[in-house]
Amino acid sequence: MYQKLIAGNWKMNQTREQARAFLKELATLESAANTEMLVCPPISLLTTMVDENDIKINLGVQDVAVAVKESGAFTGDISAKMVQELGASYAIVGHSERRAMHGETNEIVQQKAINAIDAGLKAIICVGETLNDRDAGNAVDVVLTQVLESMPKIATGDNCVIAYEPVWAIGTGKVPTVDDVAEMHAAIHQAVEKQFGANIANSMRYLYGGSVKPSNADSLLSIDYVDGALIGGASLKATDFNGIATAQYITSAKRINAFDIAHQR
Ligand code: PGA
């Protein structure tokens with residue numbers, strides 16, 4: 001059944017007390033009908049959140065090890081299998097901060113997506129253009145290359161989510177126009193359809209990320225092929241995060257039908 005995915009990326013933020021308070025407060029707020037909610041805290045908080053997750057939101061991680069092995073001599077790394085065992089069900093891979101600060105290439109991102117999927121996690125593969133790319137008129141080309149080179153061959157609508165996050169919109173308060181987001185999401189869907197077939201393309205969810213907040217969620221989440229949001233700053237406050245999840249967006253019947261039919265196949 002079609003559901004938007006409202007995903008929070010806490011980055012390197014929150015203490016244990018803050019995480020507990022967040023879950024408690026979220027439990028008191030109006031629940032979002034027909035919406036899947038996910039929080040990806042730092043690994044340090046995963047066990048606390050799994051244990052105190054009375055409202056049963058999904059929990060995930062912001063990265064997984066690139067090593068193909070589930071364990072071994074990889075100092076500092078944590079494998080997808082290890083976080084799956086702790087209770088994570090999603091892994092963000094290839095966030096632009098990891099691509100920029102840790103030199104993650106599409107090849108690395110693809111391997112991380114494979115590792116996540118092999119461990120039974122859903123991979124949220126992040127892509128997005130820089131301001132230079134957009135100003136040069138290359139945004140769509142750059143993003144489609146990232147999508148096709150980062151998605152593994154084993155990707156399906158059940159194990160993979162694509163998150164489009166323009167680098168210049170992350171944490172800046174700037175958002176692309178509705179037309180620009182619509183153009184990009186339609187182009188991504190079309191590229192996935194060409195490479196993986198209509199069934200996989202229609203059953204996959206495409207998130208928008210970059211300065212999403214309660215006040216712009218209605219319009220962003222109403223765009224065709226925007227099947228959810230990846231939220232940084234506004235996911236740290238339960239009221240803001242929930243405000244996005246309960247936004248008054250409209251999803252076209254065409255999109256819902258295509259998604260549901262593709263899932264039944
Ligand atoms: P932002 O971050 O919502 O703070 O812009 C989005 C992200 O990095 O996923």
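The legends below go with several close-up views of this predicted model.

**View 1. Helix α1 packs against helix α11.** Let us start with α1, which covers residues 16-28, and α11, which covers residues 238-245. Two packed helices are described by the angle between their axes and the distance between the axes. Here the angle is about 45 degrees, and the axes are 9 Å apart. That angle makes α1 oblique to α11. The crossing of α1 with α11 is right-handed. Look for F22, E25 and L26 on the α1 side, where they meet A238, T239, F241 and N242 of α11. By class, the residues of this contact are four nonpolar, two polar and one charged.

**View 2. Helix α10 is a further partner of α11.** This view stays with α11 and brings in α10, which is made of residues 214-221. The two axes come within 8 Å and cross at roughly 20 degrees. Angles under 35 degrees count as roughly parallel, and so α10 is described as roughly parallel to α11. Their crossing is right-handed. On the α10 side you will find P214, A217 and L221, and these meet D240, G243 and I244 in α11. The contact of α10 with α11 divides into four nonpolar residues, one polar and one charged.

**View 3. Helices α5 and α7 pack together.** Now we move to another pair: α5 spans residues 106-118, and α7 spans residues 139-150. Their axes lie 8 Å apart, at an angle of about 45 degrees. This angle makes α5 oblique to α7. The crossing of α5 and α7 is right-handed. To find the contact, pick out N106, V109, Q110 and A113 in α5, then T145, Q146, E149 and S150 in α7, which they meet. This contact holds two nonpolar residues, five polar and one charged.

Methods:
Residues are numbered from 1 along each chain as its sequence is written. This is a predicted model: local features need pLDDT of at least 70, side-chain atom pairs count only at pLDDT 80 or more; totals for chains, interfaces and linings use all residues. Side-chain values use heavy atoms; hydrogens and water are left out. Axes are lines fitted to C-alpha atoms, for helices over the stretch in contact, and angles run from 0 to 180 degrees between N-to-C directions. Helices (H or I, at least four residues) and strands (E, at least two) are DSSP runs, numbered from the N terminus. Angles under 35 degrees count as roughly parallel, over 145 as roughly antiparallel, 65 to 115 as roughly perpendicular and the rest as oblique. A crossing is left-handed if the near helix is turned anticlockwise from the far one by less than a right angle, and right-handed if clockwise. Contact means heavy atoms within 4.5 Å. Ala, Val, Leu, Ile, Met, Phe, Trp, Tyr, Cys and Pro count as nonpolar, Asp, Glu, Lys and Arg as charged, and the others, Gly among them, as polar.
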